[in-house]
Amino acid sequence: MQTMPEGGEAAAREPQPQPQPQPQPRAYPAPCLKSLTTNDKYETPPVVIDEILRYVPRDALVWEPFVGSGASTAHLQMRGFSTTRGTRRDFFQQRTAPEGAILISNPPYSTKERVFAHLAELGVQRFALLLPLETLGTRFLSNFRARMSTKLQLLVFSGTRLRFLSPTGTDHPRRRVPFTCAWFCWGLDLPSTLEFAEVRT
Ligand SMILES: C[S@@+](CC[C@H](N)C(=O)[O-])C[C@H]1O[C@@H](n2cnc3c(N)ncnc32)[C@H](O)[C@@H]1O
């Protein structure tokens, strides 16, 4: 014979508490080096690098972690800067920032949120990243800005959209990117929060 639980039929029908989903730490795709699109690999025209170098001390050690073809590193060296890629081939495996270095790089765009998360983890204070201007409106950038003790400064490429170099760093694909680009800078002492540059690419 079936027995009724205490409290009668109503209690028997009461919904049982379900386990609630717990918030999970943010999962980032990995390994990043193997999951990139061609769009992540377009290289920086030298004139675009030159614009940010105006604000980098001549004796600085420049940390260029996203080496790609090596053309940007070669350009930095040609301009007289010492460079390092860090101790790990994969930026996200780098456990400490190279001492005293200023990071200057055009990171793979699809990884930009993860790049900011890693910079925060490493406590990097002086750097410039070339990014689409629309990055300014993202939640992750807003959170990152709140964590930094220094202010974001922008060097915006205005007048025309940039044409990047092919992933080999040699030739120009015909089309310009469909967005405005800017160097997002911390700790580089630009004259003001918002600077503009016009270049021909
Ligand atoms: C947008 S390209 C820019 C290359 C170069 N920094 C420049 O400014 O011309 C980004 C490069 O980073 C490389 N890359 C992607 N993920 C990386 C990672 N986790 N660590 C180091 N390099 C990475 C890509 O293969 C690509 O060549």
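1. The ligand is surrounded by 20 residues, and the closest are E43, T44, F66, G68 and N106. A residue is taken as near a molecule or strand if its C-beta atom, placed from the backbone, lies within 6 Å of it. This shell divides into 10 nonpolar, five polar and five charged residues. Here Ala, Val, Leu, Ile, Met, Phe, Trp, Tyr, Cys and Pro count as nonpolar, Asp, Glu, Lys and Arg as charged, and the others, Gly among them, as polar.

2. The model is a predicted one: local features need pLDDT of at least 70, side-chain atom pairs count only at pLDDT 80 or more, and totals for chains, interfaces and linings use all residues. Residues are numbered from 1 along each chain as its sequence is written.

3. The protein has five helices and seven strands, in the order α-α-β-α-β-β-α-β-α-β-β-β from the N terminus. Helices (H or I, at least four residues) and strands (E, at least two) are DSSP runs, numbered from the N terminus. Of its 201 residues, 27% count as buried. Buried means that 20 or more other C-beta atoms lie within 10 Å of the residue's own, exposed means 12 or fewer, and partly exposed is in between, with C-beta atoms placed from the backbone. Among contacts with a separation of 6 or more, 73% are between residues 24 or more positions apart. A contact requires two C-beta atoms, placed from the backbone, within 7 Å.

4. The largest nonpolar core holds 31 residues, of which V62, I102, F127, A128 and W183 touch the most other members. The elements giving two or more residues to this core are α2 (46-53), β1 (61-63), β3 (102-105), α4 (112-122), β4 (127-132), β5 (152-157) and β6 (181-186). The largest share, six residues, comes from β6. A nonpolar core is a set of buried Ala, Val, Leu, Ile, Met, Phe, Trp, Tyr and Cys residues joined through C-beta atoms within 7 Å. In soluble globular proteins, nonpolar side chains tend to be buried together.

5. Leaving out residues up to four places away in sequence, V62 touches V56, L76, F81, S82, T83, A101, I102 and I104.

6. Strand β3 pairs with two others. With β1 it runs parallel over two bridges, and W63 stands opposite L103 in β3. With β4 it also runs parallel, over three bridges; here I104 stands opposite A128 and S105 opposite L129. Two strands are said to pair if DSSP finds at least two bridges between them.

7. Within β3, I102 and I104 point one way while L103 and S105 point the other way, and all are buried. In a regular strand the side chains alternate between the two faces of the sheet.

8. β3, α4 and β4 form a right-handed β-α-β unit. Right-handed means that, with the strands pointing away from the viewer, the path from the first strand over the helix to the second runs clockwise. A117 is placed in helix α4 and counts as partly exposed because it has 17 C-beta neighbours inside 10 Å. A117 and L141 are 24 residues apart in sequence, with their C-alpha atoms 9.5 Å apart.

9. Five of the six residues of β4 are buried, so β4 is largely enclosed by the rest of the structure. β4 is also joined to β6, by six bridges in the antiparallel sense. In that pairing F127 stands opposite W186.

10. Two loop residues deserve a look. T87 is found between β2 (82-84) and β3, and it is exposed because 10 other C-beta atoms lie within 10 Å. The C-alpha atoms of T87 and P98 are separated by 8.1 Å, for residues 11 apart along the chain.

11. D189 lies in the loop between β6 and β7 (194-197). With 11 C-beta neighbours inside 10 Å, D189 counts as exposed. Its phi is near 55 degrees, a positive value in a residue other than glycine. Most residues other than glycine have a negative phi. D189 and R126 are 63 residues apart in sequence and 9.7 Å apart in space, C-alpha to C-alpha.
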